[in-house]
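Colleague: I have a model open and want to learn how to read it. Could you take me through it, feature by feature?

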Amino acid sequence: MVNNINSDSLSPTTKSEKSWKWFEISNIWANDIQSLFGYTLVASLFISYGVTGWTAFSALIVAGLIVTFLVNISGKAGVDYGIPYPVLARSSMGINGAKLSAIIRAIVAVFWFGVQTYFASTALHLLITALTGIHLESKFLGIDGIGWFSFFLVWALQMIIFSKGMNWVSKFLNFAAPFVYIIMIGLLVVLWDKSGGELFHVANNIFSNKETSFSSEVNGFFAIVGTMIAYFAAVMINFSDFSRYAKDNKSMVVGNLVGLPFNMVLFSALALLITAGSVVVFGEKLTNPMDIVEKADSTILSLVVAITFFTATVGINLVANFIPAVNGITNLAPHKLTFKKSGFVTSAFALVIGAFWVSFISEVGISPIVNTLGATLAPLYGILVIDYYLVKKQELNVKALYDETESSEYYYTNGWNLNTVVSFVIGALFSICTVWVDSLKDLHGYGWIIGAALGGFIYFILSKNITNEELAYN
């Protein structure tokens, strides 16, 4: 999947590097969707919002189709010009302003890197306790000694894998996607066997909860759609980091269509069924598969699941977190920061984030965190799309994008496009308010969409009144 990435450069991809076909593009989504955190998020949605499983499942499918459409739009510039997101952002943000958007994207990526690393460590923790029978009572920051050992080990193993280079990691990714599904189906079979064949019958009753009302189902539906769009917001912003390796636009579109909706449907269906199965067998809704494996009390299953979800976490951390973070950090000082140096910075901050997940960050709740991060990125997406399609008419001066002097047409005002700054601040503030302000709670499911539309609309109105030449020499 990532076998052609020149990791130490933000330069445009060459014709020979643009070799990805639909399969390589679809594999991005297979690895991006599959993770312990992704499973927990999907499994907890119909519980959190009080809707039936069928409503939650429908919302997940709709969200997958919407994200597919949006990512096709944001990824086209990468196909057309072979440039990564930090460089593409210079068109709308300015040479210096792009550093802000890239670092915001990098901060989000670093956060998820740490969270995903922690979730992967829980699988190793379960394996160690299953093999040794040791259970420690004392904890620090909500994690016991075995948990800390597992966390640092998973973090270190990821660093070793990434240091081997992208060619080696790509083989890892191609192995991960089908193996995760095999394990999830295996979990479902175990639950079905323990339920005496009654799992699907009882699960149907759980999915058809009679206590919900029409209004709660509708509100929950849009809230779930909004949450899942926010979950993928980061990848939608920087998809040009990957689409620039696509052979052509058709390869990207087909790959996204095959990869995203299909994996969303399959992964979500398995997650919801397994969660329902945990109610049948264990009498409680278990949204973390590690809890189910622990109750199943199988050392072999613990071993296989630990390896599987570690593999899946490496995949999502590479696709959605490591590369975007490294590119964003490198863009701060491209002549001084190499891929390895930026990778070290990324890993160090991710280590801190993961360490505080249990004791502090998770206490806020998964959905608010996902929606807040997505809300911050929402206007950047709207601005990027409006700039490329309506302001620049899909015509970019690639040479000027790499020119950091005042002569560049993308230098604007001291390297900043002030129109973008205004649009971003207004869009982000409103979008974030839909997550935290009670009076705007009815807009909760629309937060990301409103933020993206508002940021893009304000940017378009401001840009219509000033020509590119006037901006460049202001």
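**Reading the model**

Modeller: Start with the surface. The protein chain exposes about 18800 Å², and carbon and sulfur atoms supply 65% of that area. Accessible areas come from the Shrake-Rupley method with a 1.4 Å probe, and for residues only the protein chains shown count as cover. This is a predicted model: local features need pLDDT of at least 70, side-chain atom pairs count only at pLDDT 80 or more, and totals for chains, interfaces and linings use all residues. Residues are numbered from 1 along each chain as its sequence is written, and side-chain values use heavy atoms, with hydrogens and water left out.

Colleague: What pLDDT does the protein chain average?

Modeller: pLDDT is the predictor's confidence in each residue, from 0 to 100. The protein chain averages 80, and 85% of the residues score at least 70. Over residues 1-8 the pLDDT is below 50. Beyond near neighbours in sequence, that stretch still has 29 contacts in the model. A contact means heavy atoms within 4.5 Å.

Colleague: How many helices and strands does the secondary structure come to?

Modeller: Helices (H or I, at least four residues) and strands (E, at least two) are DSSP runs, numbered from the N terminus. Here there are 20 helices and two strands. Next, look at contacts with a separation of 6 or more: 84% of them join residues 24 or more positions apart.

Colleague: What share of the residues counts as buried?

Modeller: Buried means under 20% relative accessible area, exposed means over 50%, and partly exposed is in between (1.4 Å probe, protein chains only). Of the 474 residues, 58% count as buried.

Colleague: Which residues touch the most other members of the largest nonpolar core?

Modeller: First the general idea. In soluble globular proteins, nonpolar side chains tend to be buried together. A nonpolar core is a set of buried Ala, Val, Leu, Ile, Met, Phe, Trp, Tyr and Cys residues joined through side-chain atoms within 4.5 Å. The largest one here has 121 residues, and M228, F232, M236 and W448 touch the most other members. Helix α5 (residues 97-132) gives the most to this core, with 14 residues. Apart from this core lies another, of 10 residues, including V110, V326, I329 and F339.

Colleague: What is M228 in contact with?

Modeller: Leave aside its neighbours within four places in sequence. M228 then contacts L41, V42, L45, L60, A63 and M264.

Colleague: Which residues form a nonpolar patch on the surface?

Modeller: Patches are made of residues with over 30% relative accessible area and no salt bridge; like charges are joined within 9 Å, nonpolar side chains (Val, Leu, Ile, Met, Phe, Trp, Tyr) within 5 Å. This patch is W22, F23, V254 and V258, with about 350 Å² of accessible area together. Helices α1 (22-33) and α12 (249-282) each supply at least two of its residues. F23 sits in α1. F23 counts as partly exposed because its relative accessibility is 46%.

Colleague: How many salt bridges does a search of the whole structure find?

Modeller: A salt bridge is a side-chain nitrogen of Lys or Arg within 4 Å of a carboxyl oxygen of Asp or Glu. The search finds two. One joins K76 to D80, with the closest N and O atoms 2.9 Å apart. These residues are four apart in helix α3 (residues 53-81), so about one helical turn separates them. K76 is partly exposed at 21% relative accessibility, and D80 is partly exposed at 35%. Another joins K392 to D387, with the closest N and O atoms 2.5 Å apart. Both K392 and D387 are buried.

Colleague: Where is K393 found?

Modeller: Look in the loop between α16 (366-391) and α17 (398-401). K393 is not a glycine, yet has a positive phi of about 55°. K393 is exposed, with a relative accessible area of 56%. Compare Y412, in the loop between α17 and α18. Y412 also has a positive phi, near 50°, and is a residue other than glycine. Y412 is buried, at 3% relative accessibility.

Colleague: Is S431 buried or exposed?

Modeller: Buried, at 0% relative accessibility. S431 lies in helix α18. Setting aside neighbours within four places in sequence, S431 contacts A375, A378, G447, W448 and G451. V435 lies in helix α18 too (residues 418-436). V435 counts as buried, at 17% relative accessibility. The C-alpha atoms of V435 and T372 are separated by 6.6 Å, although the residues are 63 apart along the chain.
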